[in-house]
Amino acid sequence: MNNFFGFDTANSFYDKRRHINLVYYSMMHLRLLSGDNSFIYDVKRIISSNNSSLEKAKMMRMEILTDYENSFLDYLQKRYNLSDNDYVTILSGESLTNAIVKSPAGYTSIENWELIIQIMYSTMLCGPSFQHLVQRFISEFLIPLSAGMRGVTLQRSTFRLISENLNICLEKGKRQWSDLPYIEKYIIDKIA
C-alpha cells in the first residue's frame with residue numbers, strides 16, 4: 001500500500017481515496033463487531049491470497065459485500081470520480097489490514113458531515129442482522145474518528161438526529177442513490 005492513503009501527510013490529494021475507503025472500512029468494521037469468525041476467516045482468506053488486487057476486489061464484492069453495499073460504493077466511486085485502479089485497490093481489502101484509518105485531510109465542515117451521513121447510511125445497507133451493533137459502532141469507532149474532523153462535533157444525540165432525519169427522507173420516497181445529495185443537505189440543515 002506504501003502510503004496509498006497519504007496517512008503521513010495532510011495533503012488533500014488523497015481525500016477521494018480516504019473518503020471511499022472510510023465508507024468501505026465502516027461496512028467491514030460493523031461486521032467485525034459481531035465477532036463472526038467465519039466473516040473474519042473469509043476476509044483474511046481473500047486478503048492473504050496470491051490473487052491480483054482485481055481478483056481480490058471481485059471476491060470481496062461477491063463473497064463479502066451485499067448487492068446494496070456494492071451498488072452504494074459504485075455510486076460513491078462515480079460521484080467522487082475515483083479512478084478504477086484506486087477503487088480496485090480499496091475494494092481488494094488490503095487497507096483492512098492497516099491499524100489506521102483517517103478521514104480526508106482537506107474537507108470542509110459540510111464535506112465532513114456528508115461523509116458521516118454516508119457512513120450512517122452505509123450501516124443500514126449491511127442488513128438488519130447488524131443494526132443492534134450500530135450504537136457500539138458509533139461509540140467505539142465513529143465518534144473517536146470524527147474528533148479530528150474539521151467543523152464536526154459529535155455526540156450520541158447527533159446520531160439520533162441523523163437517523164431520525166434520514167428516516168424522514170426515506171419515508172418521503174428519497175431512496176435512490178441520486179437522492180443522497182438531497183438527504184445530506186436535509187440532514188445537515190437540521191443538525192449543523
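Predicted model: local features only at pLDDT ≥ 70, side-chain atom pairs only at ≥ 80, totals over all residues.
Residues are numbered from 1 along each chain as its sequence is written, and side-chain values use heavy atoms, with hydrogens and water left out. Local features need pLDDT of at least 70 and side-chain atom pairs count only at pLDDT 80 or more, while totals for chains, interfaces and linings use all residues.

Helix 1 (15–32) and helix 2 (37–48) each supply at least two lining residues, helices being DSSP runs of H or I, at least four residues, numbered from the N terminus. Helix 2 gives the largest share, five residues. By type, the lining of the largest pocket comprises eight nonpolar, two polar and one charged residue.

Turning to the second largest pocket, its volume is about 170 Å³. The residues that line this pocket are Y68, Y121, M124, L125, G127, L170, R175 and W177. Here helix 6 (residues 109–125) makes the largest contribution, three residues. Six of the lining residues are nonpolar, one is polar and one is charged.

G148 sits in the loop between helix 7 (134–146) and helix 8 (156–171). With a relative accessible area of 68%, G148 is exposed (over 50%, with a 1.4 Å probe and protein chains only). G148 and K102 lie 46 residues apart in sequence, and their C-alpha atoms are 9.0 Å apart in space.

Key: Nonpolar A, V, L, I, M, F, W, Y, C, P; charged D, E, K, R; others polar. 1 Å grid on protein atoms, 1.4 Å probe; cavity = no way out; pocket = protein on both sides within 12 Å on 5 of 7 lines; lining within 4 Å. Points joined across faces, edges and corners; volume = space filled by probe spheres on them. Buried < 20%, exposed > 50% of the residue type's maximum accessible area, 1.4 Å probe, protein only.
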